[in-house]
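Here is a short note for a colleague opening this structure for the first time. Please read the points with the model in view.

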Amino acid sequence: MTETYLTQPIDEQSARALAEGGLRLSLVDTSDDAAFDEWLRADHRGFLGGRPSDETLRETRDYQRDLRTTGVYDDSIPAAASPVGTANSWIAPLTVPGGAAVGSWAISNVTVAPTHRRRGIARALLGAELRTAHALGVPIAILTVSESVIYGRWGFGPATFASEWRVDTKRVRWAGPATTGTLSFTEPEAYRETGRAVLHAVMASRAGEIEQTPYHADRVIGPLKGNSLADKYRLVRYDSPTGEPEGFVSYVVKDADDFVRHTVDVTYLAAATDEALTALWRYLLELDLVAEVHIDTRGVDEPLHHLVSDVRGARVVGVQDHLWVRILDVPAALGARRYEQDGELTIEVTDDMGFAGGRYRMRVSGGEATVESTTASPDVTLPVASLGSVYLGHDAARHLALAGKLTGDADALDRVFRTAVPPRLSTWF
Ligand SMILES: CC(=O)SCCNC(=O)CCNC(=O)[C@H](O)C(C)(C)COP(=O)(O)OP(=O)(O)OC[C@H]1O[C@@H](n2cnc3c(N)ncnc32)[C@H](O)[C@@H]1OP(=O)(O)O
């Protein structure tokens, strides 16, 4: 599969659509440094980043050569070698309820040059990604988004939500259990391998998390090249009483006018066990010379309110959509996860793009589903984006029904699909 996804030819339907507008869709040869650098520069520009240095380009090339890398080119402009559209993709193991890792088509770095916006380039790129994934038999596509208004039209639904916190550490006291294990400072270079293993355990432990590529893992363990705050990064590891590495926190301390009121901006808190989670939270809350801890991309069930003396000193300042899921193969996707309640349900899925539409009978027994096409009348009818929203266990069916994005017995759907622990994705990709 790994090789196929890299070499699968470019999607003809999108190539034709773009050619009609004088544009060329092409896979980028990532072993050609000059061509890849042009793609990386366009990608940085698309996300309003600075001009990447040679050092940054070299590092990114090394990390990202084995991703499927697509560019859209306008051969009529002077800078024809610089793509006017970018996207990349790879197959990421997505943890689903029950713990299986389902190879999912992860799409990232979708950008279109502002000089070429709203001509259908993103439409062509997304269509190409989804048709390619479907052709290769990948049952699910996933992405994280810059704006939540874009991807619903291609059948993606928000499947996990993330919370952002600001904690007044001059106000709260630790009210959790006694903490165990050892905390110590380390350096990213010394900790990479261990950190990646800890991340692997974190990602496998929760529906909604994905296995990290080396690039994404290293980015949260420590700063990559060109990070303007690199000298401010701190990395603290947690090891269990028996010496097992089970967590880490990476963070930046922000300068303050008042020396006793610094802000700590957490890059990533990795906790593979409850003991690691409590020890690392306690560490953050008890830092001297710090008045505020800021952290985002936590689950909606982050237990912080119960770990502090003063609940209102730990504020959730935002909750927003995070992982978006697009089901491409209903029987494969529904059959891959486990369910916490047995039952039977007939669902009718509508899909404008034609990948997942149909009527399916689900029989859940012992937590496992068998899914077959049926002609029986449906209990629930929903667009594929709504199926993506409930797939990982988020109990959204009632809200989707309220919004007109699902009809029929929403409670029955929630009963079968929801999980006691809500899904979470704690990283960006
Ligand atoms: C997975 C990721 O990588 S998320 C990152 C997305 N990228 C960014 O945010 C970078 C900055 N933005 C961009 O590069 C571009 O504006 C993109 C990629 C978002 C859109 O590219 P375009 O080529 O202009 O989009 P395209 O012309 O194909 O539009 C397709 C449809 O999406 C709509 N659309 C596109 N962008 C937006 C937007 N930002 N807000 C609302 N609707 C949008 C279009 O109106 C069009 O709608 P239609 O289906 O009703 O016709």
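The numbered points below go from the domains to the ligand, the helices and single residues.

1. Ground rules. This is a predicted model, in which local features need pLDDT of at least 70, side-chain atom pairs count only at pLDDT 80 or more, and totals for chains, interfaces and linings use all residues. Residues are numbered from 1 along each chain as its sequence is written. Helices (H or I, at least four residues) and strands (E, at least two) are DSSP runs, numbered from the N terminus.

2. Domains. The protein is split into domain 1 (2–138), domain 2 (163–319) and domain 3 (330–417). These bounds come from an automatic or database domain assignment. Between domain 1 and domain 2, the C-alpha centres lie 32 Å apart. The two do touch: 17 residues of domain 1 are in contact with 14 residues of domain 2. Contact here means that the C-beta atoms of two residues, placed from the backbone, lie within 7 Å.

3. The domain 1 side of that contact. Helix 4, strand 3 (85–95) and strand 4 each supply at least two residues to the side of domain 1 that touches domain 2. By class, this side has 10 nonpolar, 5 polar and 2 charged residues. Ala, Val, Leu, Ile, Met, Phe, Trp, Tyr, Cys and Pro count as nonpolar; Asp, Glu, Lys and Arg count as charged; the others, Gly among them, count as polar.

4. The ligand shell. How many residues surround the ligand? There are 22, and the closest are Val110, Val112, Ala122, Arg123 and Ser146. Strand 4 (101–112) and helix 5 (121–135) each supply at least two residues of the shell. Strand 4 gives the most, with 6 residues. The shell divides into 10 nonpolar, 6 polar and 6 charged residues.

5. Helix 3 against helix 4. Two packed helices are described by the angle between their axes and the distance between the axes. Helix 3 (residues 33–46) and helix 4 (residues 54–64) pack at about 105°, with axes 10 Å apart. The axes are lines fitted to C-alpha atoms, for helices over the stretch in contact, and angles run from 0 to 180 degrees between N-to-C directions. The two helices are therefore roughly perpendicular. Angles of 65 to 115 degrees count as roughly perpendicular, under 35 as roughly parallel, over 145 as roughly antiparallel and the rest as oblique. Asp33, Phe36, Asp37 and Leu40 of helix 3 meet Leu57, Thr60 and Arg61 of helix 4. These contact residues divide into 3 nonpolar, 1 polar and 3 charged.

6. Covered helices. A residue is buried if 20 or more other C-beta atoms lie within 10 Å of its own, exposed if 12 or fewer, and partly exposed in between, with C-beta atoms placed from the backbone. Helix 10 (residues 384–391) is mostly covered, with 8 of its 8 residues buried. Just after helix 10, Gly393 takes a positive phi of about 115°. In helix 7 (residues 214–221), the buried residues are Ala217, Asp218, Arg219, Val220 and Ile221. They pack against helix 6 (188–204), strand 9 (233–239), strand 10 (245–254) and strand 11 (262–271).

7. Most residues other than glycine have a negative phi, and most peptide bonds are trans. Arg118 has a positive phi of about 55° although it is not a glycine. Arg118 lies in the loop between strand 4 and helix 5. It counts as exposed because it has 9 C-beta neighbours inside 10 Å. Leu289 also has a positive phi, near 65°. Leu289 sits in the loop between helix 8 (274–285) and strand 12 (290–298). It is exposed, with 12 other C-beta atoms within 10 Å.

8. Arg171. Where is Arg171 placed? It is in the loop between strand 7 (161–168) and strand 8 (182–185). Arg171 is partly exposed, because 14 other C-beta atoms lie within 10 Å. Not counting residues up to four places away in sequence, it touches Asp310 and Gly313.

9. Two helix residues. Glu20 lies in helix 2 (residues 12–20). With 8 C-beta neighbours inside 10 Å, Glu20 counts as exposed. Arg58 is in helix 4 and is partly exposed, with 14 other C-beta atoms within 10 Å.

Technical notes:
Near = placed C-beta within 6 Å.
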